[in-house]
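Good morning, colleagues. Please have the sequence and the structure before you.

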Amino acid sequence: MLDQNTIDQLNIQYKNASPAEIIKKALTLNNEAVATTNFRPYEAAILHAVSSVESKIPVIWCDTGYNTPQTYKHAEKVIKDLDLNIFLYVPKQTSAHRDVVLGIPSVDAPEHALFTEQVKLEPFKRAMDEHKPKVWFTNLRQGQTTFRDSIGIFSLSKTGVLKVSPFYYWNDEKLNTYLKENNLPNEFKYFDPTKALENRECGLHA
């Protein structure tokens, strides 16, 4: 596992590097890698960038079961167009069952922690336990949440996995250009049932 000093040096060295350069560097550190996605807006960029460098990298999709029809159609298109090596993880209980016994609790409700554990944290932990990656590619960006503002391109996850965010310093405008240049779709009708606000962490990263 890399120490914090090495990670700090990487963040300085690669601050202005391209996503491809960042991804290649991360894979030289360890090629036991995965990318994760939820097919929210701009996810096609990270999936394209990573799969362009390593076409068969495992892509973990933790589907809460509450995505919009538009998100599911978008996901199917991106998976097909990029020929992704996708691994789907879903909650152990169906959303129909959960709707009856729990519903979608508000973020202030006591049941919200249980809901988040069921639909997001448990499937994600199961995915990471099965794949056991040493490197984790994700599309975290500066400006999304207070926590994400503090981490940089390279950071360590709670479990010590090297987390790599190749588009960390990119804004929406730059990402729009990237999507257009690479003929990639985007989709904004996305719903995360664990977050009331865009700037709220769901628990996977912080």
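**Helix contact and aromatic pairs**

In this predicted model, the contact between two helices brings Ala-44, Ala-45, His-48 and Ala-49 of H3 against Leu-175, Tyr-178 and Leu-179 of H7. Sorted by class, the residues in this contact are six nonpolar and one polar, with no charged residue.

How do the two helices cross? H3 spans residues 43–53 and H7 residues 172–181; their axes come within 10 Å and cross at roughly 55°. That angle makes H3 oblique to H7. The crossing of H3 past H7 is left-handed.

I turn now to the aromatic residues. The count comes to ten aromatic pairs. One of them joins Tyr-14 and Phe-154: the ring centres lie 6.1 Å apart and the planes stand at 70°, so this pair is edge-to-face. Tyr-14 sits in the loop between helix H1 (4–13) and helix H2 (19–29), whereas Phe-154 belongs to strand E5 (residues 154–156); the pair thus links distant parts of the chain, 140 residues apart. Tyr-14 and Phe-154 are both buried.

Tyr-168 and Tyr-169 also form an edge-to-face pair, with 4.8 Å from centre to centre and 85° between the planes. Tyr-169, at 34% relative accessibility, counts as partly exposed.

Finally, one aromatic cluster is made up of Phe-39, Trp-61 and Tyr-72.

Terms used. Residues are numbered from 1 along each chain as its sequence is written. This is a predicted model: local features need pLDDT of at least 70, side-chain atom pairs count only at pLDDT 80 or more; totals for chains, interfaces and linings use all residues. Side-chain values use heavy atoms; hydrogens and water are left out. Axes are lines fitted to C-alpha atoms, for helices over the stretch in contact, and angles run from 0 to 180 degrees between N-to-C directions. Helices (H or I, at least four residues) and strands (E, at least two) are DSSP runs, numbered from the N terminus. Angles under 35 degrees count as roughly parallel, over 145 as roughly antiparallel, 65 to 115 as roughly perpendicular and the rest as oblique. A crossing is left-handed if the near helix is turned anticlockwise from the far one by less than a right angle, and right-handed if clockwise. Contact means heavy atoms within 4.5 Å. Ala, Val, Leu, Ile, Met, Phe, Trp, Tyr, Cys and Pro count as nonpolar, Asp, Glu, Lys and Arg as charged, and the others, Gly among them, as polar. Rings of Phe, Tyr and Trp (its six-membered ring) pair if their centres lie within 6.5 Å; planes under 30 degrees apart count as stacked, over 60 as edge-to-face and the rest as tilted. Buried means under 20% relative accessible area, exposed over 50%, partly exposed in between (1.4 Å probe, protein chains only).
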